[in-house]
Amino acid sequence: MGDQPFNDTFLRACRGEPTPYVPVWYMRQAGRYQPEYLNIREKYSFFEMNQIPEVCAEVTRLPVEQLSVDAAILFADIMTPLKPIGIDVEIESGTGPVIANPIRSPKDVEQLRPFHPEEHVPYILEAVGMLREQLSVPLIGFAGAPFTLASYMIEGGPSKNYHKTKAFMYTEHDGWQALMQKLGNVTIAYLKAQVSAGAHAVKVFDSWVGALNADDYRIYIAPVMEYIFDTLRETGVPTIYFGVGAGHLLDEWNRLPVDVLGLDWRTSIRAARKRGITKSLQGNLDPSLLLAPWDMIEERAKQILDEGMEHPGYIFNLGHGIFPDVKVETMQKLTHFVHEYSANKSIGH
Ligand SMILES: Cc1c2[nH]c(c1CCC(=O)O)Cc1[nH]c(c(CCC(=O)O)c1C)Cc1[nH]c(c(CCC(=O)O)c1C)Cc1[nH]c(c(C)c1CCC(=O)O)C2
């Protein structure tokens, strides 16, 4: 790598510019579906992998080399900044993040410490710097959004209905505001540091915010998201916002100062465009389809590409992350198909 010309197709699509083919990358492109990942993971805990820059960089590069995707995403987790601010979190394989000291009161919020990336996670920034030298595709930095981080911090782990989080939000007015403000500052500090270290674009994961209706989103969440994306404008890099099951929030999202919206599989690209979404779009093959026969994967990918290519500013991705039981060959075949089909279509075949 390194000596190959830099492929900026992904960045151009983020900015809404025309591209010779549709760029593609996948959520969870580094993960347990790769035998190489499993081998490395056997030796370390999740956070240990995170803390050794060579390992972090190797795992980040793996899918780029294996699948020929057009972007890399830093190997870390949305939970990474939470330990330094005082949250005792571990990633349990098969379960996800588990928190030993969940937030129960506004007093717990007061005790959260500010996040200083250079001091608290120097190893992440070192990995970003190494990747900047090694990669010939853009590196996406990322962070969790305040609602999604708060949902883990309050529930203590994964949840189906987020009722403790919502109860806190509806009941503790000042405590909730303070929590959003603190987590907003964590997200900003973390992403700014990743860009300074070399990230070419940043993505904010608000995976679980679809649990709120549009009115509550507007009241409790939109202000902090506006603050985050407004502040990130200073970095000059493209910004991406993503949530699962959040199609009903698209009009709110379209008003935010963000460049790209990530859609899950429930909202088609065409439906989003019909609703007047003008930003660049990323998505949205149902990740369960990766376990279906190839003909079906190809047919659905083609349909998504046809919709996406109606406007410039489109990036192919899944609607959510790759499952561990998907085959590497399927991801290779899909990437090849997206590149070939969109390149031929672009030149009018
Ligand atoms: C909600 C969320 C988390 N983490 C993340 C989100 C937002 C995206 C989404 O909605 O999936 C983001 C994330 N987590 C991870 C990445 C790395 C880069 C990549 O996507 O390739 C990214 C971008 C690594 C990871 N993060 C995690 C793994 C699996 C860890 C393992 O090896 O056990 C990986 C590769 C663990 C994790 N961490 C989290 C969950 C829900 C889980 C997975 C549970 C499971 O599938 O076992 C919290």
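These notebook entries record what I looked up in one predicted model.

**Entry 1. Conventions**

I number residues from 1 along each chain, as its sequence is written. Helices (H or I, at least four residues) and strands (E, at least two) are DSSP runs, numbered from the N terminus.

**Entry 2. The ligand**

I looked up which residues surround the ligand. There are 22 of them, and A30, S93, G96, F205 and S207 are the closest; a residue is taken as near if its C-beta atom, placed from the backbone, lies within 6 Å. By class, I find 11 nonpolar, 7 polar and 4 charged residues in this shell. Ala, Val, Leu, Ile, Met, Phe, Trp, Tyr, Cys and Pro count as nonpolar, Asp, Glu, Lys and Arg as charged, and the others, Gly among them, as polar.

**Entry 3. The annotated binding site**

The UniProt record, an unreviewed entry, gives "binding site" for R28, Q29, A30, G31, R32, F47, D77, Y152, S207 and H320. Such annotations may be inferred rather than shown by experiment; the positions follow the numbering used here, and feature names are shortened.

A30 is in the loop between α1 (9-14) and α2 (35-43). A30 counts as buried, with 25 C-beta neighbours inside 10 Å. (Buried means 20 or more other C-beta atoms within 10 Å of a residue's own, exposed 12 or fewer, and partly exposed in between; C-beta atoms are placed from the backbone.) Beyond four places in sequence, A30 is in contact (C-beta atoms within 7 Å) with Y37, V59, T60, L62, P63 and F75.

R32 is also in the loop between α1 and α2, but is partly exposed, with 16 other C-beta atoms within 10 Å. Residues up to four places away aside, R32 touches Y37, L38 and P324.

**Entry 4. The sheet**

I traced an open sheet of 7 strands, with parallel pairing and the order β1-β4-β5-β6-β7-β8-β9; two strands pair if DSSP finds at least two bridges between them. β1 (72-73) and β9 (314-318) are at the edges, each with a single partner strand, so one side of each has no neighbour in the sheet.

Within the sheet, I followed β5 (residues 201-205). 5 of its 5 residues are buried, so the strand is largely enclosed by the rest of the structure. A201, K203 and F205 cover one side and V202 and V204 the other. β5 runs parallel to β4 (residues 139-144), to which 5 bridges join it, and I140 stands opposite A201. On β6 (residues 239-242), 4 bridges join β5 in a parallel run, with K203 opposite I240.

Further along, 3 bridges join the parallel strands β7 (residues 260-262) and β8 (residues 280-285); V260 has S280 as its bridge partner.

Neighbours within four places in sequence aside, V209 is in contact with A145, F147, T148, Y217, I221, G243, A246 and L249.

**Entry 5. Helix α9 and backbone details**

All 10 of the 10 residues of α9 (residues 146-155) are buried, Y152 being one of them. G156 follows α9 with a positive phi near 90°.

Most residues other than glycine have a negative phi, and most peptide bonds are trans.

- S68, in the loop between α4 (53-67) and β1, has a phi near 60°.
- Y162, in the loop between α9 and α10 (163-171), has a positive phi of about 55° and counts as buried, with 21 C-beta neighbours inside 10 Å.
- The peptide bond from G283 to N284 is cis, with omega near -10°; N284 lies in β8.

Technical notes
This is a predicted model: local features need pLDDT of at least 70, side-chain atom pairs count only at pLDDT 80 or more; totals for chains, interfaces and linings use all residues. Two residues are in contact if their C-beta atoms, placed from the backbone, lie within 7 Å.
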